[in-house]
Amino acid sequence: TDGNTVGNTTGLTHATARDFVAVNGEQLLTAHAADNTFDDEDFTIFTAVKLDALGAHRPFVSKWGANGTKSFMLYYDTTQGKITFIISSDGTNIGFVTHTAAPTVGVWNRCVAVLNQTDTGAQLKLSVNGSDFATAAWTGGVFAANQWLRFGNWFEGSQYYFDGAMG
């Protein structure tokens, strides 16, 4: 579902990207379903983002809500000034990994977030622009929150929207 008419723009290697305008409350979303719920599975999120502005939290991809309904989110965290991958195993308690470098506004930032539970030393991993992965220990899987999968928005009713291009 296209919330508030997200536009198109040129993406990486001539692909089409979506152009989100935060002040318009633009987002893409799909209803909660088995194919976008990871439970205790390993998973990887890849997205490329070109931020137009920082200044506020900028969610890229999320299944996140109030306490009791949190699953995962990949976003620019204004508190840290960096891209962060955050996850919950029970809908309330969280773990996260933050990348070591701040993103660059106006250029493409390639983000890879991973929940790896199958290797020895289960962990969250985050790489930006092909850098070494930042890691954090994590056990407990991911909560199967009954939340919409959102691109460009934190959760329903949130004031935090992505501002820029995403592909």
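Of the 167 residues of the protein, 49% count as buried, where buried means under 20% relative accessible area, with a 1.4 Å probe and protein chains only. The model is predicted: local features need pLDDT of at least 70, side-chain atom pairs count only at pLDDT 80 or more, and totals for chains, interfaces and linings use all residues. Residues are numbered from 1 along each chain as its sequence is written, and side-chain values use heavy atoms, with hydrogens and water left out.

The accessible surface of the protein, from the Shrake-Rupley method with a 1.4 Å probe, comes to about 7,700 Å², and 49% of this belongs to carbon and sulfur atoms. The C-alpha trace spans about 40 × 35 × 30 Å along its principal axes.

The protein has 14 strands and zero helices; strands (E, at least two residues) and helices (H or I, at least four) are DSSP runs, numbered from the N terminus. The radius of gyration of the protein is 15 Å, close to the 15 Å that the globule rule gives for 167 residues, so the protein is as compact as a globular protein of that length. This radius is taken over C-alpha atoms, and the rule is 2.2 Å times the number of residues to the power 0.38.

Seven strands form an open sheet with antiparallel pairing, in the order 2-3-14-5-10-11-12; two strands pair if DSSP finds at least two bridges between them. Strand 2 (7–10) and strand 12 (134–137) are the edge strands, each pairing on one side only. Strand 11 (residues 123–128) runs antiparallel to strand 12 and is joined to it by four bridges. Leu126 has Ala134 in strand 12 as its bridge partner.

Note on methods
Buried means under 20% relative accessible area, exposed over 50%, partly exposed in between (1.4 Å probe, protein chains only).
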